[in-house]
Amino acid sequence: MRYALVTGGSRGIGRAVCMKLSQEGIPVIVNYTSNEEKARETMDMIVSGGGRAELMRFDVSDVDAVDAALGEWEASHPDDYIGILVNNAGIRRDNLLVFMQNEQWHSVLDTTLGGFFNVTRRVIKNMITGRWGRIVNISSLSGLKGLPGQCNYSAAKAGLIGATKALAQEVAPRKVTVNCVAPGFISTDMTKDLDEKELKKMIPAGRFGRPEEVAAAVAFLVSDDAAYITGQTISVNGGIY
């Protein structure tokens, strides 16, 4: 059986993706780092809706933790494999570059880019062997446009787009697709400290997006209908360019 692994799946966009994929009949592995309460809440929501879900705890930036967790899962699921990977885990540590601390820079890149490398390298082997796979990386408007105060976040999310384009070419012959979804301003915990009223003025659609709208794009990209789409970035941003 093919499972979907969603990193950072306990809240916000990650939770919405978990819910949407489960509604498509895909068993979901909800990854989280520390907030077990929210992760269990997500799992319970999936199960109560008739879906299948498991929890998997690891910090995506910790390669040893990633390898240990996935190795344990594979040992307990000898007839299954992770055929869908959604690299959603990410953090913000905003600051002007002139004031940015080493930790603010490295923690953001280690989570987004390091996490992509650590998890994808481990999971993609079985996709290649199974000759089918879907990888969706959650980038950002910040990675396309650049946003002041987010040199670290913009660098990480832009790097994710570059990695997506390269990896897509590497694995396309094995029927594995690799794409990005780049959300704009979405109503989640990550954006709750932003001035929504002021930011709405720069969004042609006149509102923040919903996590479910991002999840819908992810669900399309992992479907059979998207088998000929790879190396692409789909913006879900209300028309900001």
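First, a term I need: buried means under 20% relative accessible area, exposed means over 50%, and partly exposed is in between (1.4 Å probe, protein chains only). By that rule Lys 20 counts as partly exposed, because its relative accessibility is 26%.

Some ground rules before I go on. This is a predicted model, where local features need pLDDT of at least 70, side-chain atom pairs count only at pLDDT 80 or more, and totals for chains, interfaces and linings use all residues. Residues are numbered from 1 along each chain as its sequence is written, and side-chain values use heavy atoms, with hydrogens and water left out.

**Salt bridges**

I looked up the total: the structure holds 11 salt bridges. The term stands for a side-chain nitrogen of Lys or Arg within 4 Å of a carboxyl oxygen of Asp or Glu.

What does Lys 20 meet in a salt bridge? I found the side chain of Glu 24 there, at 3.8 Å from N to O.

Next I checked Lys 38, whose side chain meets that of Glu 41 at 3.9 Å, N to O. Both sit in helix H2 (residues 36-48), and because they are three residues apart there, about one helical turn separates them. (Helices are DSSP runs of H or I with at least four residues, strands are runs of E with at least two, and they are numbered from the N terminus.) Lys 38 is partly exposed at 30% relative accessible area, and Glu 41 is partly exposed at 31%.

Then I went to Arg 122, which forms a salt bridge with Asp 67, their closest N and O atoms being 3.6 Å apart. Arg 122 lies in helix H4 (residues 102-130) and Asp 67 in helix H3 (residues 63-76), so this pair ties together parts 55 residues apart in sequence. Asp 67 is partly exposed, with 29% relative accessible area. I also noted one network, in which salt bridges with shared partners join Arg 207, Arg 210, Glu 212 and Glu 213.

**Strands**

Is strand S4 (residues 81-87) mostly covered or mostly open, and how many of its residues are buried? Mostly covered: seven of its seven residues are buried.

I looked up its partners too (two strands pair if DSSP finds at least two bridges between them). S4 pairs with strand S1 (residues 2-6) in the parallel sense over five bridges, and Leu 5 stands opposite Leu 85 in S4. S4 also runs parallel to strand S5 (residues 133-138), with four bridges joining them. Here Val 86 stands opposite Val 136 in S5.
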